Structures are given as structure tokens and as C-alpha cells.
Amino acid sequence: MRIANLGGRAVLVVGEGAIDIAGASDGRFGPDPQALFDDWAAFAEWASALDALSRLSSSGEAAYRDIDVTDLGAPVPRPRQVFAIGLNYAEHAAEAGYPPDSMPVTFTKFPSSIVGPDAVVALPEGHVDWEVELVVVIGREAHKVDRESAWDHVAGLTIGQDLSERITQMQGSAPQFSLGKSFPGFGPTGPWLVTPDEFADKDDLAISCALSGEGMQSSRTSMMLYDVPELLVRLSAVCPLLPGDIIFSGTPSGIGNRRTPQRFIGPDDVLVSEIEGIGTLTTRFVAGG
Ligand code: ZN
């Protein structure tokens, strides 16, 4: 299943269109996309039956409507906790000058930075950089989970950009990851949440991004040093992961800060991020902010 936030309402994506979840469930689920995670298991069971029915009836639903991409919001608009992982691909850790760590480097992107696909981000002063990442959405509370059951706590996957202003991030004697990555608009996510059952191999997805047409990052999520189950094990050993929380799982190599010459995002740049089986996330930039 694919679940999107269309104009602030939760929808099931079917083919090229959308079914309004509150409408189709007589108000049992939605319309707030964040509210789906309050009872995700019941919602997923209801939605998978509707999804199968809708595919059979080829958009015969009264609530069916076309998706205007510019109307899509963040699939998880108000997560209570946003986890982000640094240095989770060996080539990226090497380009950043760090040895592989014995614990995933963990920080947060403050929730006010979260926006949807097709966002227009006003560039703050400094060096704004890209980081395409697989974003994991929690569907069931996870506390001290083991590897074997980890995926059972995942509602789905989406694409994220961990936009980073490098000067703020690197100032001072210890890095300011959380602040440098939390300017308004610095957490584009979307275009929708895709449930784990939709993927042939959910642990091995092509991941890439291009800045104004030039390929910048390209890898596979199987190259993560700590894969999705291991991230849930390590994070949930400390913090209960709550339904509707999200985890930015780290970026592959190819960031602008470590290129020769360095390259950063400028006004009028367009950043297109892509993950196999999910789709594309387009982020536009303007001056100021
Ligand atoms: Zn990152």
C-alpha cells in the first residue's frame, strides 16, 4: 500500500489517483495523516482489504480523485520523535573522515524542519548540502526489540532529504548536527509511505539524488553499516520508538561538502531524490530564509 498526505488528508494511493481514507472508512480512520499511526495495525488491516478491492474495481470508488503532486504534504507531518543517523554508509564515513563507529551516530532533526515532497526551501546563509536518505516510519511502539521482530514495528518507508547547513553544523568544538540540519524546510519527506510488503527486497533498494540534473549520490540501502533492523535494535535499546516516529537512516557518499571543488545548493537549484520502489522527491530552492 501507498499512503499519502493530500492537502492535509490521508489518502490511499491507487494507480494514478487517491482514495480519501476518512471518506472511505466513514470517519473511522483519518482524515489527519498523523492520526493513522494511533491505531496503525487496525488501519493497515482495513486498508489492505480496501486496496485489493480498489485495484479490482479499477478506480470505481466514489471517493477516488486525481493526485496533484503539488498538493502532497509530508506523509508523517507531526512525528513526536525524529531520529537521524550519521555515517551509516562506509564510503560516506570515509569521505567525511571518520572511522566506522561501534554505535550508530544519532542526532535529531527537530520536527519543525519536516516538510513534504515538492517543497520550496528558502536557503539560509551558509553552505546548504544534500543527503538523500531512506526514512523509516514506526507503526508500532518499539522498546528493546530484537532483530527478528524489528520490521514488524515498521509502518513503511519513504524518501527523505537530510538537508544540512555545514557551517552551523561544524562550528564549535563538537559538531552541531541537530541544529545545522533543522532549518525550516530542511526535512523534505515523501512522496508517500510505502508499506514493507510492497518491496521485493526491502533491505536492498537503489538510492540516489541529482542536483539540477547532475547525479550526485548513488548507492544501495544494503550498503548501510547498520541496517533497518539493527537501527531499531540500537535505538530502541535506549528510547521507546513511538508510532508515527521517523528515522532518517543515513546518507551514502557524494555530498557537496566533500566534493572537489565543493558544491552547495544555490537558489533555483532543483534536487530530485529517488529510491527504488518508492518514487521521487523533488525539492526546489529559493534565496533567503
Ligand atoms: Zn544525514
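Guide: Let me begin with a term: a salt bridge is a side-chain nitrogen of Lys or Arg within 4 Å of a carboxyl oxygen of Asp or Glu. Bear in mind that this is a predicted model, where local features need pLDDT of at least 70, side-chain atom pairs count only at pLDDT 80 or more, and totals for chains, interfaces and linings use all residues. Residues are numbered from 1 along each chain as its sequence is written, and side-chain values use heavy atoms, with hydrogens and water left out.

Visitor: What makes the meeting of Asp-32 and Arg-78 a salt bridge?
Guide: Their side chains come to 2.5 Å, N to O; the limit is 4 Å, so the pair qualifies. Between domain 1 and domain 2 the count is one salt bridge.

Visitor: Where do domain 1 and domain 2 run?
Guide: Domain 1 covers 2-67 and domain 2 covers 73-287, with bounds that come from an automatic or database domain assignment. About 1300 Å² is buried between them, meaning accessible area (1.4 Å probe) that two parts lose on being put together, summed over both. Arg-2, Gln-34 and Phe-37 supply 49% of the area that domain 1 buries against domain 2, more than any other three residues.

Visitor: Why is the aromatic pair of Phe-37 and Trp-40 called stacked?
Guide: Rings of Phe, Tyr and Trp (its six-membered ring) pair if their centres lie within 6.5 Å; planes under 30 degrees apart count as stacked, over 60 as edge-to-face and the rest as tilted. By this rule there are seven aromatic pairs. Phe-37 and Trp-40 lie 5.2 Å centre to centre with 10 degrees between the planes, so they are stacked.

Visitor: And why is the pair of Phe-183 and Phe-186 called tilted?
Guide: The angle between their planes is 50 degrees, at 5.2 Å centre to centre, so the pair falls under tilted.

Visitor: How do you know whether Phe-183 is buried or partly exposed?
Guide: Buried means under 20% relative accessible area, exposed over 50%, partly exposed in between (1.4 Å probe, protein chains only). Phe-183 has 25%, so this residue is partly exposed. Phe-186 has 0% and is therefore buried.
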